[in-house]
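Thanks for coming, everyone. Let me put the structure up, and then we will walk through a few parts of it.

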Amino acid sequence: MSLFAQKRPVLVTCPKALPPFLAREMAALGLPGRELAAGVLTEGDMNDCIALNLRLRTGHRVLLELARLRAKDPNALAEGLGRLPWEDIIPADGHVTVDSSVQNEHVRDSRFANQKAKDAIVDRILSRKGRRPDSGPEPVGACVFLHWREDAATVYIDTTGAPLARRGYRKMPHKAPLQETLAAGIVLATGLAERGGHFLSPMCGSGTLAVEAALVALNRAPGLLRAGFAFEHLLGFDAEGYAALRREAQAASKKQLDIRIIASDIDPEAVAAARQNARTAGVEGHIEFAVCDFSESPVPDEGVGVCVLNPEYGGRLGDAPRLEPMYAGIGDFFKKRLAGWRGFVFTGNPDLAAKVGLKPRRKTPLFNAKIECRLLEYELYQGTRRTPKPEPGEGE
């Protein structure tokens, strides 16, 4: 069985509300797909999966479909898995991890399904190769993912391993940081890649928005930051070809920017964390840092751009009144200091968002973990101008 030459269904997973951004990324790489609730389905081979892992900003895992099985219970599942040619896919002297999403009346804990699947896989390899690979929950080798609903099971080769959100640069997360994939989705939603302009990140926290903005502006593939992927542990993996693909991605990255990216926070520890994370990501030299209140954030004297704020939104009862003056201050900051710019506020509290005092042009639905949020866009005109109506189909 060759996973590198045969086209198969490829499922790229992502957080809820990010499929439109992920689909555009995939289409730009020549792999258009169908949007799902938490992913995008396309078709490709293992080489396509490698390219997706290297370049995607908003995806979590790249899953290459291996087989579809009928399995009413764990024993039937193990029997079906035992018929697949795992000895052609996973090295007998390697390591395999099995993860799953299971809804089956015979399985109360997905870890039991993982164990049954793992045993079937390694026993098959043992019977063909005389040796069985090591196994465990940590994704340090080949990875298999099982999607099992009632009697229908889809078996995937997880080509990613640890989720793509774990870029590897966020060594100092600080308080409640945005996940990297969500931050990348926010940056893409601002249109920075298409429209250019400066990028301002007051309330920068651990700097994830600024780092992702720098990666986008530099056209730097986020997978270049990763130490390794699961596909590197599969039989047939071409290390030299992958090295060439990485060199190609590195060559496509810009060396300098003609815009300014500015990250600021009133908390010195946050700015220190942001600077360290940017250094680890290799973009510290492209970001300016400042310790100050958001209202005093440095703003370039020339040119315009986007400003993205990610304020607290009152997760605890009674927090909202305390935060109302801050949201009102964001509106003042936009009006007084960012005329001609586009301002964005990412929040999970619509009542607080109303305190900004400006009418958003667009409301993009996004999720921060399980919290439904909105990325609110404001066009900040010089003087007085009527706010345009939202475009057709935009979320409320």
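Start with helix α10, residues 319-337. Helix α10 lies across β9, β12, β13 and β15, and runs at about 165 degrees to β13. Some ground rules. This is a predicted model, where local features need pLDDT of at least 70, side-chain atom pairs count only at pLDDT 80 or more, and totals for chains, interfaces and linings use all residues. Residues are numbered from 1 along each chain as its sequence is written, and side-chain values use heavy atoms, with hydrogens and water left out. Helices (H or I, at least four residues) and strands (E, at least two) are DSSP runs, numbered from the N terminus. Angles run from 0 to 180 degrees between N-to-C directions, with axes fitted to C-alpha atoms, for helices over the stretch in contact.

Now the sheet. In what order do the seven strands of the open sheet come? The order is β11-β10-β9-β12-β13-β15-β14, with mixed pairing. Strands pair if DSSP finds at least two bridges between them. At the edges stand β11 (287-291) and β14 (362-368); each has a single partner strand, so one side of each has no neighbour in the sheet. From one strand to the next, the twist averages 20 degrees. Look at β9 (198-201) and β10 (261-265): they run parallel, joined by three bridges. L200 has I262 in β10 as its bridge partner.

E180 is in α5, residues 180-189. Is E180 buried or exposed? E180 is buried (under 20% relative accessible area; exposed is over 50%, partly exposed in between, with a 1.4 Å probe and protein chains only). Its own value is 6%. Leaving out residues up to four places away in sequence, E180 touches A165, R166, R167, Y169, R170, T208 and E212; contact means heavy atoms within 4.5 Å.

Last stop, helix α3, residues 74-82. Here P74, L77, A78, G80 and L81 are buried. Down the axis of α3, these buried residues fall within an arc of 165 degrees, so they line one face. The arc is taken from the directions from the helix axis to the C-beta atoms. N75 and E79 are exposed on the other side of α3. Among what covers the buried residues of α3 are β4 (61-70), α4 (110-129), β7 (142-149) and β8 (152-158).
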